[in-house]
Amino acid sequence: MSQQAKTAVVTGASRGIGKAIAMRLAQAGMNVAACARSENLITEYAHSRIMPVKADVSDPTQVNELVNRVVERFGRIDVVVNNAGITRDNLLMRMSDEDWEQVLQVNLTGTFYVCRAVIRQMLKQRSGRIVNIASVVGVAGNPGQVNYSAAKAGIIGLTKSLAKEVASRQILVNAVAPGYIDTDMTRVMNEQQKQSIVNLIPLGRIGRVDDVAELVYFLASDANQYITGQVFHVDGGLVI
Ligand SMILES: NC(=O)c1ccc[n+]([C@@H]2O[C@H](COP(=O)([O-])OP(=O)(O)OC[C@H]3O[C@@H](n4cnc5c(N)ncnc54)[C@H](OP(=O)(O)O)[C@@H]3O)[C@@H](O)[C@H]2O)c1
């Protein structure tokens with residue numbers, strides 16, 4: 001089948017890494033449903049062939065509606081990129097129940113809802129690519145982020161288990177774990193904090209959204225036929 005006919009869903013696609021992934025997949029000829037909660041999603045993609053769909057991944061009803069809309073419009077789903085994510089940082093002893101629950105709900109449970117909503121369609125098609133965006137802190141940990149790193153470690157476990165569940169139907173499931181990438185999520189740091197992080201990165205710079213999007217594109221494409229259940233760091237060598 002040609003790349004032209006493929007359909008992708010990218011969550012958290014209104015900005016940052018998700019937007020770069022949506023653009024990269026569209027550039028490769030895929031139909032892309034780009035999902036996020038905010039209205040600016042619509043204007044962001046107003047003049048492109050990407051279909052913006054307003055949906056909150058933490059709500060299973062909205063996730064099911066998103067998937068139904070995509071199947072109705074394009075007839076299939078070949079690629080899913082679970083990228084929607086939030087942080088609510090604090091030291092464990094000061095972390096509220098709400099900050100714990102919200103971060104788990106959007107990052108981890110949202111990924112579960114989307115995978116569950118698309119998997120029947122992919123099983124029927126006997127093919128598919130799922131790429132879940134984790135984080136190096138899900139592997140290495142980070143003070144102030146017990147909620148976020150637990151959610152991202154959970155995504156890694158989900159990825160490996162699901163990869164084993166669906167491999168017999170040629171559905172390949174992988175995780176990408178970015179390090180520090182220049183987006184709104186990391187722009188809250190001041191110059192001094194940024195420099196101290198750069199000092200820890202062997203490649204000597206903060207990552208760009210395209211560094212992540214390029215790998216996601218490879219894993220989502222037909223070029224990937226034999227890689228599943230893996231976690232790939234895109235972090236300039238930060239965690240080796
Ligand atoms: N930047 C980094 O250094 C870094 C490092 C490691 C991992 N990551 C991961 O990479 C992913 C993208 O991060 P980013 O830096 O691009 O973040 P970002 O700039 O803050 O963008 C996050 C995206 O997720 C969407 N989103 C948030 N909550 C959502 C929800 N409940 N339902 C649907 N969409 C939702 C946001 O759109 P709306 O607000 O419009 O919903 C936005 O499009 C996240 O999973 C993040 O954890 C980032």
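Which residues does Gln 102 touch, not counting residues up to four places away in sequence? They are Ile 86 and Arg 88, where contact means heavy atoms within 4.5 Å. The points below set this residue beside other features of the structure.

1. Basis of the note. This is a predicted model, in which local features need pLDDT of at least 70 and side-chain atom pairs count only at pLDDT 80 or more, while totals for chains, interfaces and linings use all residues. Residues are numbered from 1 along each chain as its sequence is written, and side-chain values use heavy atoms, with hydrogens and water left out.

2. Gln 102. This residue is placed in helix α4 (residues 97–125); helices (H or I, at least four residues) and strands (E, at least two) are DSSP runs, numbered from the N terminus. Its relative accessibility is 30%, so Gln 102 counts as partly exposed; buried means under 20% relative accessible area, exposed over 50%, and partly exposed in between (1.4 Å probe, protein chains only). The side chains of Gln 102 and Arg 88 make a polar contact at 3.2 Å. A polar contact is a pair of N or O atoms within 3.5 Å; within protein, one must be able to donate a hydrogen and the other to accept it, and residues adjacent in sequence count only if both atoms are side-chain atoms.

3. The ligand. The ligand is surrounded by 30 residues, the closest being Ser 14, Arg 37, Ser 38, Tyr 148 and Thr 183; the criterion is a residue heavy atom within 4 Å. A polar side-chain atom of Arg 37 lies 2.7 Å from a ligand oxygen atom, and a backbone N or O atom of Gly 12 lies 3.1 Å from an oxygen atom of the ligand. At Val 57, a polar backbone atom is 3.0 Å from a nitrogen atom of the ligand. The ligand taken alone exposes 890 Å², of which the protein buries 96%; accessible areas come from the Shrake-Rupley method with a 1.4 Å probe, and for residues only the protein chains shown count as cover.

4. Salt bridges across the chain. Nine salt bridges are found in a search of the whole structure, each being a side-chain nitrogen of Lys or Arg within 4 Å of a carboxyl oxygen of Asp or Glu. One of them joins the side chains of Lys 6 and Asp 222 at 3.5 Å, N to O. Lys 6 lies in the segment before β1 (7–11) and Asp 222 in the loop between α8 (209–220) and β7 (231–234), so this pair ties together parts that are 216 residues apart in sequence. Lys 6 is buried at 6% relative accessibility, whereas Asp 222 is partly exposed at 34%.

5. A salt-bridge network. Arg 15, Asp 182, Asp 184 and Arg 187 are linked in a network of salt bridges. Within it, the closest N and O atoms of Arg 15 and Asp 184 are 3.4 Å apart. This pair links distant parts of the chain, with Arg 15 in the loop between β1 and α1 (16–27) and Asp 184 in the loop between β6 (171–178) and α7 (191–198), 169 residues apart. Asp 184 also meets Arg 187 in a salt bridge, at 2.9 Å from N to O. Relative accessibility is 46% for Arg 15, 41% for Asp 184 and 44% for Arg 187.

6. Buried charges without a partner. Lys 152, in helix α6 (residues 146–166), is buried yet has no salt bridge; Asp 89, the nearest side chain of opposite charge, is 11 Å away. Here Lys and Arg count as positive and Asp and Glu as negative, while His and the chain ends are not counted. Asp 235, in the segment after β7, is likewise buried and has no salt bridge, with Arg 205 the nearest side chain of opposite charge at 11 Å. The side chain of Asp 235 does reach the backbone nitrogen of Gly 237 at 2.9 Å, and one of its polar atoms lies 2.8 Å from the backbone nitrogen of Val 239.

7. Positive phi angles. Arg 126, in the loop between α4 and β5 (128–133), is not a glycine but has a positive phi of about 55°. Gln 170, in the loop between α6 and β6, also has a positive phi, of about 60°, without being a glycine.
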